[in-house]
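Look at the sequence and the structure below before reading on. The paragraphs after them go from the whole chain to single residues.

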Amino acid sequence: MRFPQACLLIACAALAPLLLGGCSILREFGPVVEVHTLPAREAIELKRGDILTRGKLSDATVQTIRVAALDEQACAKPISSECAEALATVTGVATDRRLAALSELWLAQAQAMKPGSAQQAAWLETIRYAYAYLFLGDHTPGERAFEDRQTQVRDWYNYAVEHAATGMFEVRQQMPTQLPDQTSWNIAGWELKLDMRGARLPGTTAVPAELLPASSLSFRGLRSLYRRDGFGAELVAVIPDESLSAAPTRGGRPAAKHDQQPLPWSEMPAPSMTVLLHPDGDNLDSVLHARTARLTVHDPYVESAIMLRGQRVPLAANFTAGYGVWLARANFNRQSLRSLLGREGGIDRPHVYLMQPYDPNRRIIVMLHGLASSPEAWVELANEILGDEALRQHYQIWQVYYPTNMPVALNHAMIRRALGDTLTHFDPSGQAPASSDLVLVGHSMGGVIARLMVSSTDQSLVQLAADHSRLTPQQIRRIDPMLRFEPFPNVSSAIFIAAPHRGTSVAGGRLGRWMAGFIRFPITVLEELAHTLVPDAAASSHESLGHIPNSVDNLDENDPFVRTAADFPISTQVRYHSIVAQANAEVALADSDDGLVPYRSAHLPGAQSEKIIISGHSVQQSAAAVLEIQRILREDIALREAHFMQP
């Protein structure tokens, strides 16, 4: 029997308040669950988004707040620490889940605060809980290797250490400059112990002039940024000039202590470093209540990983940032042009720049730039080698910066002396692996000089000086070391790039002669030459030198020096390679050039390899040339290892 329609309406009206009010009989069914399909982008953002990437707490942290029965709206206000303090006392929530959420909550608070002691305290709390999660939680780092949450927490730790360390540095700037290997001071209620034993700072450096977070640096003019994911903050320490030298600098080069002559070398003035902060404690409870911590500094070229709490932990590193900061601040572009023209503000002698702290166990790559150039010529190649783990483990880079207006013979002699003095300084006994199997890489005129360094001569240059100069036999004898030489010791490989071994017609043409007319030698060089050739004459008696050809003169294909040097025999102990640029692929190779250097001048018989690249003269910057040099270096490693494995 059916109810009348009116009765049905009355029944529904009576039940409605119970249904809308959620009567106790119906509560056991809970809220209505709905399902939605998210686009892939939103799904990934939901999993990986956090306070660093989107300015809001991660979904995992929000869920932890809900599970812990905390006020979600109150916890969304980062300026208050009440939520973090409340979550720290909650029981019944998994340890990993709670520690990770606490780290992000403190990070959110630190970001919302102004610099000062309170913010430092928030950074340190972020570090404490992230460190506890990573090493003292429910699982080991290896067990969480594929978890997004662990990557988030690691990033929070690294970010907080970066800001805590730079904040401590600012405090440290107010303290005495002489810093022992270990020291301690109080910040934000914590006792922080600094351990610098793993750092390698150049010169007499005790404290950097600046400490820059690598993550905040952006570079233009570099194809790639090379870094290594891992644990720790990636920083760049900018070294003050007075720490690199004991006397004021001159022409961009540090001066030697108690000496008017500049040192012929200097180490990278902006080395990269990795910094860790370790809260003290033997277990989770002691770490969560610690008020002391150690800040350790590590050289990423020496340490790729450390043992921490029984775990092998890879160290984060940035191999491009320090190099980029140095190039950006060095002002080589303007200085190299002044050097070519012999104007004030240029350089008057070669200088060797070490791209990383000297390592006695890594082979040395010596890079020689070309005419009117500087270390900027090697920006792509050097960066790619620094970023290649295999090459980085086997090689270290030395870049020679020299005045490109000088006669090639004079530059060659001065570069030999600068390299020899640098090697002697770092390896007085000459027994370190770094002092053997050197690799020379030269572009353009630098390639011509590199070839001279692996060649030997007899009387030909002496005879040339007698026939084509106004020098007396006695004066020629005084410059004999410039005119007679043997291959530079311990060079095993050389790479010549777009090198005019037999000169170029451009240097002797109208443009070359016009350019050569603007070149002047620095007064200091003229005085030194005058003193060498005519020691009893007045230092200003430059006319006694006669006509000295400059670098452009020497690169003329009809110049007697370059024609003579082209026939010097290359050492049989040196494996050499050529990279030749061809500007127009449609021109026959034998008749081609790169816009400046013809193939017939760049080609060297007997080379282990010759790579032709369609490019202009600045081919050393091309990706194809960089790849070819990397191939040669890897091949060199394999040959050397095979040699040592032979019985």
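What follows starts with the chain as a whole and then turns to a sheet, a helix, a hairpin and a disulfide.

The model is predicted. Its protein chain contains 26 helices and 20 strands. Of the 647 residues in the chain, 52% count as buried. The accessible surface of the chain comes to about 31,000 Å², and 54% of that surface belongs to carbon and sulfur atoms. Contacts can also be sorted by distance along the sequence. Among contacts between residues at least 6 apart in sequence, 76% join residues at least 24 apart.

Next comes the sheet. Eight strands form an open sheet with mixed pairing, in the order S8-S14-S16-S15-S17-S18-S19-S20. At its edges are strand S8 (265–267) and strand S20 (609–614), each of which pairs on one side only. On average, neighbouring strands of this sheet are turned by 20 degrees against each other, direction ignored. Strands of a sheet pair through backbone hydrogen bonds, either parallel or antiparallel.

Several pairs within the sheet can be followed one by one. Strand S15 (residues 363–368) and strand S16 (residues 395–401) run parallel and are joined by six bridges. Val366 has Trp398 in S16 as its bridge partner. Strand S17 (residues 438–443) pairs with S18 over six bridges, also in the parallel sense. Here the bridge partner of His443 is Ile497 in S18. S18 in turn runs parallel to S19, with five bridges between them.

How many residues of strand S18 (residues 491–497) are buried? The count is seven of its seven residues, and the strand is mostly covered. Phe496 stands opposite Ser578 in S19. Ser578 lies in strand S19 (residues 575–582). Is Ser578 buried or exposed? Ser578 counts as buried because its relative accessibility is 1%, and the cut-off for buried is under 20%. Leaving aside residues up to four places away in sequence, Ser578 touches Phe496, Ala602, Leu604, Ala607, Ser609, Glu610 and Lys611.

Of the 19 residues of H15, 14 are buried, so the helix is largely enclosed by the rest of the structure.

Strand S11 (residues 305–308) and strand S12 (residues 311–314) run antiparallel, joined by four bridges. Ala305 stands opposite Pro314 in S12. The hairpin of S11 and S12 has two residues between the strands, and Arg309 takes a positive phi near 55 degrees there.

How many disulfides does the model contain? The count comes to one disulfide. It joins Cys75 to Cys83, with an S to S distance of 1.7 Å; the cut-off for the two sulfur atoms is within 2.5 Å. The link of Cys75 and Cys83 is right-handed, with 85 degrees about the S-S bond. Cys75 counts as buried because its relative accessibility is 7%. Cys83 has 8% relative accessibility and therefore counts as buried.

Note on methods:
Residues are numbered from 1 along each chain as its sequence is written. This is a predicted model: local features need pLDDT of at least 70, side-chain atom pairs count only at pLDDT 80 or more; totals for chains, interfaces and linings use all residues. Side-chain values use heavy atoms; hydrogens and water are left out. Buried means under 20% relative accessible area, exposed over 50%, partly exposed in between (1.4 Å probe, protein chains only). Two strands pair if DSSP finds at least two bridges between them. Axes are lines fitted to C-alpha atoms, for helices over the stretch in contact, and angles run from 0 to 180 degrees between N-to-C directions. Contact means heavy atoms within 4.5 Å. Accessible areas come from the Shrake-Rupley method with a 1.4 Å probe; for residues, only the protein chains shown count as cover.
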